[in-house]
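Please find below a colleague's note for a reader who is opening this structure for the first time. The points are numbered so that each can be checked separately.

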Amino acid sequence: MKKLIFLILTLIINQSLEASECYNYHTSTTQAIIKTERGIFYRLIEKDPNGISYVQQILKPIKGIDLATYKYAGEDEATFMFSDKNGFYQLPKNEQYEDKVAIYSKVLSANAGQKHINGRIFLIDNKWFYFTGWKDKITKIALNGLPANITNVKCYNSGLYVKNDQQVFSINVDLYSSKATIETIPNLNPAQVVYYACNPLENEDFIADEKHIYSIRREGSFDDLTPQFLALGIKGKFNQLKVIDNPTTIWWSDKVIKKREGHSVSGRNPLTGEDIDIYFSYSNATPLQPKYGRIAYIRFQGKIYPIWDDNFSQPYELKTDASKLEAIEGKLLKGDDFYYFEADNDYKIISTKIPSSAKFFPGVYSYGKYLSKALVEDDYIHFIGDRFNIHMENKKKLSSKVVKQLGLFYLFNNALFDGEKSYPIKADYETLISLGSFVEIINGCAGEMPNTPQVQLKYHQFFKDKDAVYYFNEKTKQLQIIQTADPSSAEVDNYDYLQELYKIKDVKGTIKKKSEASLNYYLIGGAVVLVLALGIFYFKRRKA
């Protein structure tokens, strides 16, 4: 009975966790070590899905490092490595939340001419050792059998790929047992090896020479893909492919090599004659690389197909020359004019009747907010949402020539437009720019239980023109002048500056400008008059 109750509770908890929605599932973070005149700092920046609005910025000093001799040594997906005159150090990227200063470890004392790879493995007494540290706990693991004369191919946290002039090696480090496994990757010519970095969200990259290609992973494993590529009939050199930046792995040479999404086809290994599964496709198609966002379409034999259609079974219906089409963003394509997908038929591409000379603005995808992409011609601004219908009203007449995308707004007709409503403003429209924005998280998570508060956010946005600095007041829906902020010293996309503006946004007063070392002409004039008077007095007395 207890087991049954426990099982039911487990299922309820799991369902609750799966159903919950949290804002931080959608944000992105970047970390860096920065060097300034004030010292060395660890910096973490978290941003909203729009890539514009700050969620937070963490800046922590790295104490005890000599600024003059600081040197970046490398990094992997988990750690920064650096050195100074006193030694070599490692700093975890994601464990920097509690202390006021950055946490790092000194893994090795300074040694002139110390040979290392990526600040992760070190050559000591002609033998390689792997180092990792957390505060004062340092783990040192011998890499037995690894030759001394190696160079880096690719280093991860616990999987490394290195080479000498004869072989390419994979290293798997087991931190629990403090042991390392070293394997030789067969057939690779070290002089020809190249590394292909693919989508960082996927644990799969690639290394290749002219005739062989391998999938590699962060734990140090590798998989020979050469039979699959040969079975596809690929004739070119595998180390001369160009990787296209896209979530789905795509290479481009004279033809397209693409990783299939979620399935394989059967083929025969030409080296052994055995049947194998092939997880890639190979064709004369041309990927339509958009100006903004991910690849969604591919052109093959005069037709347009979705990128996932590896067998070219579902072409889009279109009444134009497909060879003239280029991808812009999402479902928007450009040819003689702009083309889009018909609202009621996702396989029909229609002309929008908007001329190709129209200026394009990309969409802004914030959490719970969407500023659609737009096309601007002389007399109209057209809004292109996820669904498009030429018979629907999706444009606004322009009464002014100034049209801009400012943060989470469009500026046109002397008003800010948030995708739904327009808010007239008084500012210099020609010089008005966005300084940036940050997110205030009112409620970060929500579940599907009754009466559960939903995720709630507030976006704080700041602007400036030649005359003033502004805060967009959500209550009044107007630009509020920040009276004590100087537009001449305003900073764009600076987290600390935005926070300072928010603190002073309601302060009354005048702009406090920095004092300048200017000439005091009144003082100079007075001094000249005084000197002349003294001179005249002196000559009169002498003459007398």
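1. Two strands count as paired if DSSP finds at least two bridges between them. The structure is a predicted model, and the remarks that follow should be read accordingly.

2. With that definition in hand, one may turn to strand 17 and strand 18, which pair in the antiparallel sense over 3 bridges. Among the residues concerned is Val194, whose bridge partner in strand 18 is Ala208.

3. This pair belongs to an open sheet of 4 strands, ordered 17-18-19-20 and with antiparallel pairing. Strand 17 and strand 20 (222–224) form the edges; each has a single partner strand, so one side of each remains without a neighbour in the sheet. On average, neighbouring strands of this sheet are turned by 25 degrees against each other, direction ignored. In general, strands of a sheet pair through backbone hydrogen bonds, in either a parallel or an antiparallel manner.

4. The loop between strand 17 (194–196) and strand 18 (205–208) contains Asn199. Is Asn199 buried or exposed? Asn199 is buried, because its relative accessible area is 15% and the cut-off for burial is under 20%. Apart from neighbours within four places in sequence, Asn199 is in contact with Asn246 and Pro247.

5. Which residues have the most contacts inside the largest nonpolar core? They are Tyr23, Ile381, Phe383, Val403, Tyr410, Phe412 and Leu457, in a core of 21 residues. Two or more residues of this core come from each of strand 38 (373–376), strand 39 (380–384), strand 42 and strand 47 (456–464).

6. Ile381 deserves a separate look. When neighbours within four places in sequence are set aside, the contacts of Ile381 include Val403 and Phe412. Ala374, Leu375 and Val376 are also among the residues in contact with Ile381, as are Asn394, Lys395, Lys396 and Leu398.

7. Most residues other than glycine have a negative phi. Asn413, however, has a positive phi, near 55 degrees. Asn413 lies in the loop between strand 42 (409–412) and strand 43 (415–417), and is partly exposed because its relative accessibility is 23%.

8. Lys477 likewise is not a glycine and has a positive phi, of about 55 degrees. The loop that holds Lys477 runs between strand 48 (469–473) and strand 49 (478–481). With a relative accessible area of 28%, Lys477 is partly exposed.

Methods: Residues are numbered from 1 along each chain as its sequence is written. This is a predicted model: local features need pLDDT of at least 70, side-chain atom pairs count only at pLDDT 80 or more; totals for chains, interfaces and linings use all residues. Side-chain values use heavy atoms; hydrogens and water are left out. Buried means under 20% relative accessible area, exposed over 50%, partly exposed in between (1.4 Å probe, protein chains only). Contact means heavy atoms within 4.5 Å. A nonpolar core is a set of buried Ala, Val, Leu, Ile, Met, Phe, Trp, Tyr and Cys residues joined through side-chain atoms within 4.5 Å. Axes are lines fitted to C-alpha atoms, for helices over the stretch in contact, and angles run from 0 to 180 degrees between N-to-C directions.
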